[in-house]
Amino acid sequence: MTNDNSQEENKIKNALTPEQYKIAREEGTERAFTSPLNNEKRNGEYHCVVCDTVLWSSTHKYDSGSGWPSFYQPAFDDVISTEQDFKLAMPRVEVKCAKCGSHMGHVFEDGPPPTGLRYCINGSVLKFVPEE
Ligand SMILES: [Zn+2]
């Protein structure tokens, strides 16, 4: 099955830009304030750039001032998964697409009500689809 997995991975690699691949599959982070989606204020949905699942909604987006698109909750239950990330001295909680496992960003506990959470997401691995 290893062979199937690497073929699948190659398909993903070919479909993404090197920057997107680095973030989605190697847990990279885009530079702050570089994503055009940071200032996106239109109504719409944010899809996973790898598997096209709707992960986030403009309804839950807010301006955190962090330089990355920020949401206080996912669009639906179960569309994202979280995992402890010990790469830095201070442990963080990694946010992934539940369907394809791609890295999206991190979640912090300094967000606005009603959740108090700040999902800090790389705009490069999102595809914005504006509402018609
Ligand atoms: Zn995905």
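Here are legends for a few views of this predicted model.

View 1. Helices (H or I, at least four residues) and strands (E, at least two) are DSSP runs, numbered from the N terminus. Starting from that end, the order is α-α-β-β-β-β-β-β-β-β-β. Along its principal axes, the C-alpha trace spans about 45 × 45 × 30 Å.

**View 2. Y46 meets F71 edge-to-face.** Rings of Phe, Tyr and Trp (its six-membered ring) pair if their centres lie within 6.5 Å; planes under 30 degrees apart count as stacked, over 60 as edge-to-face and the rest as tilted. Here the ring centres are 5.2 Å apart and the planes stand at 70 degrees. Y46 sits in strand β1 (residues 44–48) and F71 in strand β4 (residues 70–71), 25 residues apart.

**View 3. Y46 and F128 make a tilted pair.** Their rings lie 4.6 Å centre to centre, with 40 degrees between the planes. F128 belongs to strand β9 (residues 126–130), 82 residues from Y46. F128 counts as buried at 14% relative accessibility.

**View 4. Ring pairs join Y46, W56, F71, Y119 and F128 into a cluster.** The chain has four aromatic pairs.

**Notes.** Residues are numbered from 1 along each chain as its sequence is written. Local features need pLDDT of at least 70, side-chain atom pairs count only at pLDDT 80 or more, and totals for chains, interfaces and linings use all residues, while side-chain values use heavy atoms, leaving out hydrogens and water.

Notes: Buried < 20%, exposed > 50% of the residue type's maximum accessible area, 1.4 Å probe, protein only.
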